[in-house]
Amino acid sequence: MKKITISILFFACVAFRNDDFKPYTEHIPGLEHGLDMVPIPAGEFMMGSPESEKDRKPDEGPQHKVKIDAFWMAKFETSWEMYETFFNKELEVKDEKNTNEVASRVSTVARPTQPYVEMSFGQGKEHGFPVCNVTQFAARAFCKWLYAKTGNFYRLPTEAEWEYAARAGSKTTFYFGDDASKLKEYAWYFDNSDGAYKKSGQLKPNAWGLYDMYGNVAEWTSDLYVADFYSKPEAANNPYVKPSNHYPHVIRGGHWDDDADRLRSASRRTSTPELKQRDPQIPKSDWWLTDAPFLGFRVVRPVKQPSKEEIEAYFARPPKDIP
């Protein structure tokens, strides 16, 4: 059994001023478009699915009460425009806030290697399409770049934070109820996607104003996948399973080629080496997945900024990939 670690990175600060906890748009020096962030209030919820839920899988239980501290979450999935500016600094625009100090911080952030194929696989990149085919390490590196650009710590959500935010106070199969026939109003999936992802934000959001939490692209979380973690005592309070291996990590939300059952709030899936099986590099790329045009991410920001040492630990390079 892999060691399960709960990180202090995810504890919020009770002294934070409530009047500061509101929606905001983060200006990113050198980019034309900001990052829209939505406040997610602290609270408790029942994580996982009840045994009576249709299409329930064994790793969704036991359903258990979880306490979550407040945080902000991106309103939309990370876009290609934003990710490609991280990938290629030549795409940055003139900006007086993009100072030499910012440039110096950013210079220490590793950027993705050049992929050998066009990584959207023709699905589209301009004007709001979500990024795809990136590894969890690449998503974390993007967060490190945001931190260098803005001074604010951004990261991937924990699995518990993701489900809590997706449910938005609901207790049903989906955040709009139990009737899967309504899913087309909220999500791009097999029945309505025409075989590709779509521009973010075109369908209805959940009750907390988050778009495409279901479908479009599935989303990375920070956690290592442990099938029976929900039965452990540490699963009850801001849980986080720190990755100790390259696989498997937890992926949430379902995607454009999934059936409705994979879009349920409690549905879990995992990363595997097969997501990069066509990558010709030896060892396989830390940055790109050649077989995951359905997988992207969105970011969160904790209310309390962790220490420099804690942040550096979060952004550490992953274990060596398997052959």
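The chain has a mean pLDDT of 92, and 94% of its residues reach 70 or more. The structure is a predicted model. Its secondary structure comes to five helices and 10 strands. Of the 323 residues of the chain, 55% count as buried.

**Confidence and annotation**

- Residues 1-16 stand apart in confidence: pLDDT stays under 50 over this stretch. For these residues the model has 45 contacts beyond four places in sequence.
- An unreviewed UniProt entry places the feature "domain: Sulfatase-modifying factor enzyme-like" at residues 36-277.
- The end C-alpha atoms of residues 36-277 lie 34 Å apart.

**Overall form**

- The C-alpha trace of the chain spans about 55 × 45 × 40 Å along its principal axes.
- The radius of gyration is 19 Å, which agrees with the value near 20 Å that a compact globule of 323 residues would have.
- Among contacts with a separation of 6 or more, 77% are accounted for by residues 24 or more positions apart.

**Aromatic pairs**

- The structure holds 29 aromatic pairs.
- One of these pairs joins Phe 129 and Tyr 197, with 5.7 Å from centre to centre and 40 degrees between the planes, a tilted arrangement.
- Phe 129 lies in the loop between helix 2 (100-106) and helix 3 (136-150), and Tyr 197 in the loop between helix 4 (159-167) and strand 6 (218-224), so this pair ties together parts that are 68 residues apart in sequence.
- Both partners fall under the 20% limit for burial: Phe 129 is buried because its relative accessible area is 14%, and Tyr 197 is buried because its relative accessibility is 1%.
- Phe 153 and Phe 315 form an edge-to-face pair, at 5.7 Å centre to centre and with 70 degrees between the planes.
- This second pair links distant parts of the chain, 162 residues apart: Phe 153 sits in the loop between helix 3 and helix 4, while Phe 315 belongs to the segment after helix 5 (308-314).
- Phe 153 is buried, with a relative accessible area of 0%, and Phe 315 is buried as well, with 9%.

**Ring cluster and charges over rings**

- Ring pairs also build a cluster, which consists of Trp 80, Tyr 83, Phe 86, Phe 87, Phe 142, Trp 145, Trp 288 and Phe 297.
- Trp 80, a member of this cluster, has Lys 125 over its face, at 4.4 Å from the ring centre.
- Arg 140 takes up a position over the face of Tyr 314, where the distance to the ring centre is 4.2 Å.

**Helix 4**

- Helix 4 is mostly covered, as nine of its nine residues are buried.
- Just after helix 4, Ala 168 takes a positive phi of about 50 degrees.

Technical notes
Residues are numbered from 1 along each chain as its sequence is written. This is a predicted model: local features need pLDDT of at least 70, side-chain atom pairs count only at pLDDT 80 or more; totals for chains, interfaces and linings use all residues. Side-chain values use heavy atoms; hydrogens and water are left out. UniProt positions are given in the numbering used here, feature names are shortened, and annotations may be inferred rather than shown by experiment. Helices (H or I, at least four residues) and strands (E, at least two) are DSSP runs, numbered from the N terminus. Rings of Phe, Tyr and Trp (its six-membered ring) pair if their centres lie within 6.5 Å; planes under 30 degrees apart count as stacked, over 60 as edge-to-face and the rest as tilted. Buried means under 20% relative accessible area, exposed over 50%, partly exposed in between (1.4 Å probe, protein chains only). A charge sits over a ring if NZ of Lys or CZ of Arg is within 6 Å of the ring centre and within 35 degrees of the ring normal. pLDDT is the predictor's confidence in each residue, from 0 to 100. Contact means heavy atoms within 4.5 Å. The radius of gyration is taken over C-alpha atoms; the globule rule is 2.2 Å times the number of residues to the power 0.38.
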